[in-house]
Amino acid sequence: MLKNKTTALIILSFLTFLKSHGQYLISGYVEEKKNSTVYISLIRYDEEFLISGNQVLFSTKTDSLGHFKFQGQLLSQKNKIYRIHCNTTDNKGFQFVQEPEKSNFHNFIFSNTDTIFFKKSKKHWFSNSQNTNTADQEWYKLKSFVKQLKKGVTHIKNKEVKQQITTDFSEKTKHFSNDSIQASLVKLLAFSTIKKNNFNIEKDFIRNPDFYNRLLTSLQNDYSQKSYYLQYKEELSKITNLIILRKYKQHKIINYILVTLLVVSLTLSFFLFRKLKKLLPKDNSTQNLNLTNQEEKIAKLICEHKTNKEIAEILFISLSTVKTHIRNLYNKLEVNERKEFIRKIKIHLGTSTKINL
């Protein structure tokens, strides 16, 4: 027991020494894998479970005891996400194994001044590591927290309950990120965890943009206009563009409905106007007639069905003068016969035949 503690202290002292001298060191053992290739890859924050040859930075061979080592000064000074990986067989290509008790890779956060040592493990490869990077230690805490949240909820089938669990999971993860995590990269990984959990980030961003905007600012401070900041900024742009597009579609639908209602309203108004026009007397124009005193007298006598001669005798005017007045009255009321004239003039005079002579 004392021997194991002493060995661990020596390893940690050695790792600390290397860290202080600005060199990275990645070393360890692959159980029962002699003369096998070990790969170190640089991955994006959302590529935790994507494996590709394009990600590989460098590789090395294990020795006869399964030991490997990467050492140098070529990694980034900023925290980045790396993967260590070794194929389970000698077949060509990249083999990806992810099972509870068997895995051939490990993702970790690292920088150019850090050291990590992978001890022999009876479990899956690379499962037992000592990393001096504090952000990687925070990531381990995040993964432990997420694992606890997911306990006992994986087999729930009810959609409403699952939706509520998803919302609770995301909110608790956001709070944990705000309260317990300092490294911006680990906060970004918390966001990635939320996104992969089928949470409606678009709706949450509308309701509570502070979490997402603070993360953007934090990444900008740590990574400037590069790397994870640009990846996350692109992610936020997709979300905001979707929100804008959705609002545009909603406004377009509303405008279409309003235009349709306006057209229908105008059409109905047109038909109602035509119908009312048919129902109203055609001689409404007589309301604005300006009849002379003599014309009103003649109009009254016409309504009493007097002849032209009788009108001339009653008013002591000539027959030709009567005819001239009648012609002027016909023109004003736009009629051609006496019967139509009587109907229109009664409307003009309030349908009353009592005209003061």
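A: Start with Gln231, which lies in helix 7 (residues 227-279). Helices here are DSSP runs of H or I with at least four residues, strands are runs of E with at least two, and both are numbered from the N terminus. The model is predicted, so local features need pLDDT of at least 70 and side-chain atom pairs count only at pLDDT 80 or more, while totals for chains, interfaces and linings use all residues. Residues are numbered from 1 along each chain as its sequence is written, and side-chain values use heavy atoms, with hydrogens and water left out.

Gln231 has a relative accessible area of 14%, so it is buried. Buried means under 20% relative accessible area, exposed means over 50%, and partly exposed is in between (1.4 Å probe, protein chains only). Leaving out residues up to four places away in sequence, Gln231 touches Arg44 and Tyr45. A contact means heavy atoms within 4.5 Å.

Helix 7 also holds Ser227. Its relative accessibility is 24%, so Ser227 counts as partly exposed. The backbone of Ser227 deserves a look. Its phi is near 50°, a positive value in a residue other than glycine. Most residues other than glycine have a negative phi.

His305 also has a positive phi, about 65°, although it is not a glycine. His305 sits in the loop between helix 8 (293-303) and helix 9 (308-315). Its relative accessible area is 62%, so His305 is exposed. Further on, Ser318 is in the loop between helix 9 and helix 10. Ser318 has a relative accessible area of 37% and is therefore partly exposed. Ser318 and Asn308 are ten residues apart along the chain, and their C-alpha atoms are separated by 9.6 Å.

Now the packing of helices in this region. Two packed helices are described by the angle between their axes and the distance between the axes. Helix 8 and helix 10 (residues 319-333) cross at roughly 90°, and their axes come within 10 Å. Axes are lines fitted to C-alpha atoms, for helices over the stretch in contact, and angles run from 0 to 180 degrees between N-to-C directions. Helix 8 and helix 10 are therefore roughly perpendicular to each other. Angles under 35 degrees count as roughly parallel, over 145 as roughly antiparallel, 65 to 115 as roughly perpendicular, and the rest as oblique.

From helix 8, Gln294, Glu295, Ile298, Ala299 and Ile302 take part; they meet His325, Ile326, Asn328, Leu329 and Lys332 in helix 10. By class, this contact has five nonpolar, three polar and two charged residues. Here Ala, Val, Leu, Ile, Met, Phe, Trp, Tyr, Cys and Pro count as nonpolar; Asp, Glu, Lys and Arg count as charged; the others, Gly among them, count as polar.

Helix 2 (residues 134-149) and helix 3 (residues 159-180) pack at about 155°, with axes 11 Å apart. Helix 2 and helix 3 are therefore roughly antiparallel to each other. Helix 2 brings Glu138, Lys141, Leu142, Phe145, Val146 and Leu149 to the contact, and helix 3 brings Phe169, Lys172, Thr173, Phe176 and Ser180. The classes are six nonpolar, two polar and three charged residues.

Helix 3 also contains Ser177. Its relative accessibility is 0%, so Ser177 counts as buried. Apart from residues up to four places away in sequence, Ser177 touches Lys187, Ala190 and Phe211.

Next, a loop residue. Trp125 is in the loop between strand 9 (115-118) and strand 10 (129-131). At 16% relative accessibility, Trp125 counts as buried. Setting aside neighbours within four places in sequence, its contacts include Val30, Glu31, Lys33, Asn87, Thr88 and Phe105. Cys86 is another contact of Trp125. The two residues are 39 apart along the chain, and their C-alpha atoms are separated by 8.6 Å.

Finally, the whole chain. It has eleven helices and ten strands. Buried residues make up 37% of its 357 residues. Among contacts between residues at least 6 apart in sequence, 67% join residues at least 24 apart. The chain exposes about 22,600 Å², and carbon and sulfur atoms supply 55% of it. These areas come from the Shrake-Rupley method with a 1.4 Å probe; for residues, only the protein chains shown count as cover.
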